[in-house]
Amino acid sequence: MMDLGLLIIRLVIGLSFVGHGAQKLFGWFGGYGLKGTGGWMESLGMKPGVTMALLAGLSELVGGLLFATGVGSGIGTWVGALLIAFTMLVAIVKVHVQNGFWVTQNGYEYNLTLIAVVIGVALIGPGAYILF
């Protein structure tokens with residue numbers, strides 16, 4: 001049952017990040033695409049904005065795919081977890097930390113929870129259900 005539990009966690013978190021990356025990169029799922037996300041990132045002082053949006057979108061998309069699939073005998077889980085954790089750390093520093101902890105005040109609670117989940121799964125291992 002542990003392997004199934006790890007698969008569920010990896011799929012939900014990983015595919016959610018794939019979706020977030022697609023929002024930034026392609027404007028899918030209600031996202032703003034590179035130009036819109038880049039403009040928002042510039043407003044946060046992250047320049048050049050479009051490049052930062054590209055890097056964030058790729059980190060989320062690739063990190064999510066690797067985390068979800070666990071490719072390479074679980075190496076993908078580690079690499080994906082690091083990409084996701086780094087992206088969430090940047091989000092905490094650039095967007096959320098000044099608002100405090102609680103997500104209800106746009107704080108970093110949720111981002112920190114995601115970091116704990118992906119690093120925790122990477123430390124435990126992806127389980128038996130991985131893509132090669």
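Reader: In this predicted model, what makes S73, in the loop between helix 3 and helix 4, count as exposed?

Author: S73, which lies in the loop between helix 3 and helix 4, has a relative accessibility of 64%, and since exposed means over 50%, S73 counts as exposed. S73 also has a positive phi of about 55° although it is not a glycine.

Reader: Why is N106 called partly exposed?

Author: The relative accessible area of N106 is 40%, and the class in between buried, under 20%, and exposed, over 50%, is the partly exposed one, so N106 is called partly exposed. N106 is found in the loop between helix 4 and helix 5, and its phi is near 65°, a positive value in a residue other than glycine.

Reader: How do you know that helix 4 and helix 5 are roughly antiparallel to each other?

Author: Helix 4 (residues 75–96) and helix 5 (residues 109–124) pack at an angle of about 165°, with their axes 9 Å apart. Angles over 145 degrees count as roughly antiparallel, and therefore helix 4 and helix 5 are roughly antiparallel to each other. Helix 4 passes helix 5 in a left-handed crossing.

Reader: Which residues make the contact between helix 4 and helix 5, and how are they divided by class?

Author: On helix 4 the contact is made by residues including T77, W78, A81, L82 and H96, and on helix 5 by residues including N111, L112, L114, I115 and V118. By class, the contact of helix 4 with helix 5 has 17 nonpolar, three polar and no charged residues.

Reader: What makes H96 a buried residue?

Author: H96, whose place is in helix 4, has a relative accessible area of 13%, and because buried means under 20%, H96 is classed as buried. Leaving aside its neighbours within four places in sequence, H96 is in contact with A91, N106, G107, Y108 and N111.

Reader: Why is the pair of E60 and K24 called a salt bridge?

Author: The closest N and O atoms of E60 and K24 are 3.0 Å apart, and the rule asks for a side-chain nitrogen of Lys or Arg within 4 Å of a carboxyl oxygen of Asp or Glu, so the pair is called a salt bridge. By this rule the count comes to one salt bridge. The pair links distant parts of the chain, with E60 in helix 3 (residues 49–69) and K24 in helix 1 (residues 2–26), 36 residues apart.

Reader: What makes E60 and K24 buried?

Author: E60 has a relative accessible area of 4% and K24 one of 15%; buried means under 20%, so E60 is buried, and K24 is buried as well.

Reader: Where is P48 found, and is the peptide bond from K47 to P48 cis or trans?

Author: P48 is found in the loop between helix 2 (33–43) and helix 3, and the peptide bond from K47 to P48 is cis, with omega near -5°.

Terms used: Residues are numbered from 1 along each chain as its sequence is written. This is a predicted model: local features need pLDDT of at least 70, side-chain atom pairs count only at pLDDT 80 or more; totals for chains, interfaces and linings use all residues. Side-chain values use heavy atoms; hydrogens and water are left out. Axes are lines fitted to C-alpha atoms, for helices over the stretch in contact, and angles run from 0 to 180 degrees between N-to-C directions. Helices (H or I, at least four residues) and strands (E, at least two) are DSSP runs, numbered from the N terminus. Angles under 35 degrees count as roughly parallel, over 145 as roughly antiparallel, 65 to 115 as roughly perpendicular and the rest as oblique. A crossing is left-handed if the near helix is turned anticlockwise from the far one by less than a right angle, and right-handed if clockwise. Contact means heavy atoms within 4.5 Å. Ala, Val, Leu, Ile, Met, Phe, Trp, Tyr, Cys and Pro count as nonpolar, Asp, Glu, Lys and Arg as charged, and the others, Gly among them, as polar. Buried means under 20% relative accessible area, exposed over 50%, partly exposed in between (1.4 Å probe, protein chains only).
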